[in-house]
Amino acid sequence: MKLGSKLMASYTGIVLIAVSIVLVLVIDDSIKTYKERIGSDLQHIAEFTARDIQDQLDNDLEDMSSYSRAFVFQTRDPGAIKSALAGFRSSLGLFSISVLSPGGKVIASTDTGTEGKDFPDMSGISLGFFNRIKSEARGSVVFRDEREGEGKKVFRPILLMPVFDKNNSDLIYVIAGGARLDGLVNITHEVDRYSEADKALYAVTNPGQVILTRDGEVTIFTPRTYIQTDPGIPGMAGNSESGHSIYRNREGQVLLAGYAPLEENGGGFSGWSVVSFVLQKDIFGPAVELRNKIIMLGIAAVIVAWIIALFVSRGITRPVLDLVKATRQISQGDLSKRANVMSNDEVGDLERSFNKMTDDLAGALTCLKEEMDAQGRFVSMISTEFRTPLNTIKEGIGMVAKEAKDKLDQRQKGIMGLAEKSVDRLAKLIDDIVRFHHLQTDKAAFDMAENDINEIVREVQRVLEPMIAGRPGIELVVDTAEDIPRTRFDRDKIMRVLEGMVNGAVTVTEKGRITITTNLEGGDNIKVSVRDTGVEISKEDKDSLFQKYCASGKNVDKKGGGTGMGLSISKEIVEKHRGRIWVDSDENGTTFSFTLPIDTGNQ
Amino acid sequence: MARILVIDDNDEFRELFRIMLEKSGYEVVEAGDGEEALKLYERQPADLVVSDIIMPGKEGVSTMVELRRRYPGVKIIAMSGGGFEGPDEYLESARLVGGAVRVFAKPFKFDQMLEAIKEELEKG
């Protein structure tokens, strides 16, 4: 599988996640919008219902008022009153009807056996309350709490209508009519369009209690069965205005509800509301289900995308790590290392290219090595071929000069001396070239052994003493640190480096001091410096000083002796010891330094 | 028994030479280059030196010069296969500068070489 396809699969997963998120957001947004709209509809239903209930109660009161007036003016005889009450009840469509004295005693009633007693079971209507509202000319509605066993409540609206005498000054009776509340809430509004009839409900509530539901049950269960009416949640209690909201009932079901207050009617409806509500899941169930499915799909997409990404990244990172490893090994000189081609994708191509490149590199290196070897052989041959004639010239000149000493004049002797010196220099140059070449091609064997650098310094001092003695203007000072540990290096080669440095210093110093110092540098390096008080070396010369076949400073050349190869050879030697070599120079003189890593050979 | 020092950088040639000389009843010491030869000679002075000319390290002519400087009576026979231009010039150098008593261009017949050695040793 191509990398592109793997990535595409991964991208598809990511796109799926994005689409899921967008869909869920859209669905959530729609649900929110519809909740608002349905809430508002439910509110209207509640408002209509509240108005209907009130209208009906108002009508009942009005009917009772006109009936009672007519009736009361006809008779004051309790027997006659009682016999008239039955017709009264049925024509008003009431549950029961009683005539009460202003003191609250039953004078006559359709409920037999209550005469002469207090108006029965006036829960919710204390005598004080009765006394306060009994004179309300328009009539009042109060609710009687009729208990029917444990936990069941029946609320019955009682219509109270005062009857005054002819002068309208004295209260003669109060007529109490029991209305049918179930009839009131049978008013069905369009709540059905949101839900199945048995699930769409509305209820009349008083503060904190559900009084009545639409399904006809006048007896309402414990108030919190349907709706959790925690204080502070609007709609359940004491609303002065209509509205809509979302509730959670005891079972944790979410309800959408609209509510409307019932207007106070002689105090009877104080704090009562009509609430219409539907279960959210009945309406949004399918939508929520879809939404959850999409979320599941999104999660599945996340997992799939993650797995694919894991495979892709493994498919990339593992070969890449292998490549890195191979590269490191190759850079350390193991050109036989190759990457394992494991996949057929672009990474595989990379590995193949890498292997091809390494093959080429190895081939090129072999060629280069062969070339270097050939060059080395050539250099060796040249030098061998050069030396014999050179030595012949040298020895020959020496001999002739010696044998013909008496026959040569001063000028001829000078020429012979010059010839000898030139041949010497030529021979030395050839030696240097060969040595340098050997160092560069790793042919020079290094005789590594534990040595004391300070001893080398003293040795060089001893060797160069005769030369220094011949230069009265120059003082050679040795300043060695005594805490330097013995370390492994090639004694002869390092000595040659140091000798070369001191020689160079002597050459460029007309008059002054040359100081050889040794000290520890950073704890793991030995530093050796040769400082002179000669001329400053220019920046350009400093840069080219250690370059192969590059002549060192002009002063060296002028004063003779060096072949210009010395520093290049020194650099090769020091670097083969994993050390550094450099030069610092200012108007006060020049310091050549090199370092050797401390290596006791224990590793 | 006369001792002969053979100086040549070619190991096989030296080996061959040694066998031939030992067969003829000489004691042989060998050196691969001039430096080695000088050191050897210090410990085991030879009655005759046979030296190659073109060698890595210290080459033949200067070795001969040095040997003769240190041990003025030493007798040297030089031999060379020559470099780019053939052996003549080198052999001439060995004779005039190095002081070789006889010179041989490589390849040579061993009989002739043995004859020359014998003659030079007899001269004393």
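A: Let's begin with a term we need: two residues are in contact if their C-beta atoms, placed from the backbone, lie within 7 Å. Keep in mind, too, that this is a predicted model.

Now look at chain A and find helix α9, residues 491-508, and helix α12, residues 566-576. Their axes are 10 Å apart, and the two helices pack at an angle of about 145°. The crossing of α9(A) and α12(A) is left-handed. Which residues meet there? On the α9(A) side you will find A:Lys493, A:Ile494, A:Val497, A:Gly500 and A:Gly504, and they meet A:Gly566, A:Ser570, A:Ile573 and A:Val574 in α12(A). Sorted by class, the residues of this contact are four nonpolar, four polar and one charged.

For the other pair, stay in chain A and find helix α5, residues 280-331, and helix α6, residues 346-403. Here the axes come within 10 Å and cross at roughly 10°. Because angles under 35 degrees count as roughly parallel, α5(A) is roughly parallel to α6(A). From α5(A), the residues A:Gly315, A:Ile316, A:Pro319, A:Leu323 and A:Ile330 meet A:Val347, A:Glu351, A:Phe354 and A:Thr358 of α6(A). This contact has six nonpolar, two polar and one charged residues.

Finally, a word on the scores: the model as a whole has ipTM 0.73 and pTM 0.41.

Terms used: Residues numbered from 1 in each chain as written. Chains lettered and ligands numbered in written order. Predicted model: local features only at pLDDT ≥ 70, side-chain atom pairs only at ≥ 80, totals over all residues. Axes fitted to C-alpha atoms, helices over the stretch in contact; angles between N-to-C directions. Helix = DSSP H or I, 4+ residues; strand = E, 2+ residues; numbered from the N terminus. Parallel < 35°, antiparallel > 145°, perpendicular 65-115°, else oblique. Nonpolar A, V, L, I, M, F, W, Y, C, P; charged D, E, K, R; others polar. Left-handed = near helix turned anticlockwise from the far one by under 90°.
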